[in-house]
Structure formats: structure tokens, C-alpha cells
Amino acid sequence: MKHRRVFSAPSVAVAEAALRRAVDAGIHPDHAALVGRSDIEVQHVPDREKEAAPIDFKAAALRGLVGGGVLGLLLGGAAMLVPAVGIHPAGVAVCVVIGGCVGMWAASLAGSAVPSEVRRDYEAQIDAGQILLVIDDPDEATLDRAAAAVLAIAGLHPLQVLPHGLLQ
């Protein structure tokens with residue numbers, strides 16, 4: 001399970017200094033990113049420091065796969081119980097696979113138009129011109145060490161991480 005810390009910085013320079021401190025404290029560079037308004041990101045944030053997935057594609061695809069698979073299981077099971085339909089138990093498995101595929105396809109299309117959870121959760125700070133430093137790590141102790149190192153930089157403020165659903 002990943003743990004997350006989010007910090008708000010007044011400028012790209014402050015956020016980059018905090019990012020370097022987080023990496024020096026043991027955070028893998030792929031687990032840290034800067035998030036800001038699109039005009040600020042394009043002009044001032046290097047590509048390697050930007051958020052990897054600014055849209056909700058992967059999370060939406062996973063939700064669609066699970067939801068479609070469950071719906072396929074329920075409909076296939078119901079069809080198996082109706083004698084007039086006469087579906088074989090292997091047909092239920094086919095319904096699960098088809099339901100999962102269709103659910104994943106539809107949800108990923110919808111998710112490609114939805115901003116990532118960080119952009120949704122901290123929209124007010126991003127719109128105000130703040131640069132967010134987002135660090136993730138499965139080890140809580142490493143994350144705490146990095147957070148302490150990051151907070152030593154003047155102008156950086158921790159933000160509350162909002163809880164999300166089961167599949168996030």
C-alpha cells in the first residue's frame with residue numbers, strides 16, 4: 001500500500017529544492033512529482049519532475065474492470081438460473097470476461113477525460129498558482145524522513161491528504 005504526502009510551494013524553485021531533498025532522504029525519483037497549473041508546468045517544470053499520469057485513466061480502467069466483471073458474473077449467474085436461457089457454467093465465465101473488458105474499455109475512456117486525484121483534490125491550490133510536491137512511498141518511515149527534510153525548506157506547507165476509495 002502506498003502512502004502519500006503533499007506539500008504546497010509558492011514557486012517552482014522552492015518546489016524543486018524540496019523535491020531534491022525528498023530524493024536525498026530516500027524517496028525514489030519516480031515516486032515524487034511536481035504538480036501545478038498547466039501554464040506553469042509547461043514553462044518552468046522539467047518533464048522528469050512532472051506528474052506521471054495527469055489523468056485518471058489507469059484508476060478508471062481498474063474500476064471498470066472490477067465493476068464490469070462483477071456485473072458479468074451477476075448477469076451470467078442469473079441467466080444460468082433461468083431454464084429457458086440454458087446457459088452453461090462456462091458461459092458465466094465468458095460473461096465475466098466480456099463484462100470486465102467492456103467495463104474497462106468504457107471506464108478508461110471516461111477516465112481519460114478526468115483529472116488525476118491530486119489535481120481534483122487540490123484544485124484550489126493549483127488554480128492559485130501554488131506548486132505541489134507529491135511524494136509516495138510504501139515505507140511510512142522513509143516517507144516521514146523525507147517529509148521532515150522537505151519541511152526544513154522555508155515557504156513549504158504540508159497539505160492534508162484526502163482519503164480515497166478502495167481501488168485508489
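This is a predicted model: local features need pLDDT of at least 70, side-chain atom pairs count only at pLDDT 80 or more; totals for chains, interfaces and linings use all residues.

Reply: Start with P158. Leaving out residues up to four places away in sequence, P158 touches V6, F7 and L151. Contact here means heavy atoms within 4.5 Å. P158 lies in strand β4.

Residues are numbered from 1 along each chain as its sequence is written, and side-chain values use heavy atoms, with hydrogens and water left out.

Now the sheet. It is open, has four strands in the order β2-β3-β1-β4, and pairs antiparallel. β2 and β4 (157–159) stand at the edges with a single partner strand each, so one side of each has no neighbour in the sheet. Neighbouring strands are turned by 30 degrees against each other on average, direction ignored. Helix α7 (residues 140–151) packs on the sheet and touches β1 (3–9), β3 and β4. The direction of α7 makes about 10 degrees with that of β1.

Some terms. Strands are DSSP runs of E, at least two residues; helices are runs of H or I, at least four; both are numbered from the N terminus. Two strands pair if DSSP finds at least two bridges between them. Axes are lines fitted to C-alpha atoms, for helices over the stretch in contact, and angles run from 0 to 180 degrees between N-to-C directions.

Four bridges join β2 to strand β3 (residues 131–137), and the two run antiparallel. A33 has V134 of β3 as its bridge partner. β2 (residues 32–35) is covered on both faces: A32 and L34 are buried on one side, A33 and V35 on the other. Buried means under 20% relative accessible area, exposed over 50%, and partly exposed in between (1.4 Å probe, protein chains only).

Take A32, in strand β2. A32 counts as buried because its relative accessibility is 6%. Beyond residues up to four places away in sequence, A32 touches L19, I27, V134 and I135. A32 and I135 are 103 residues apart in sequence, yet 4.4 Å apart in space, C-alpha to C-alpha.

Now the wider chain. It holds seven helices and four strands. From the N terminus the elements run β-α-β-α-α-α-α-α-β-α-β. Of its 168 residues, 38% count as buried. Among contacts with a separation of 6 or more, 78% join residues 24 or more positions apart.

The axes of α3 (residues 57–81) and α4 (residues 89–111) come within 6 Å and cross at roughly 150 degrees. The two helices are therefore roughly antiparallel; that label takes angles over 145 degrees, with under 35 roughly parallel, 65 to 115 roughly perpendicular and the rest oblique. Residues in this contact include G64, G68 and G72 of α3 and G99, G100 and G103 of α4.
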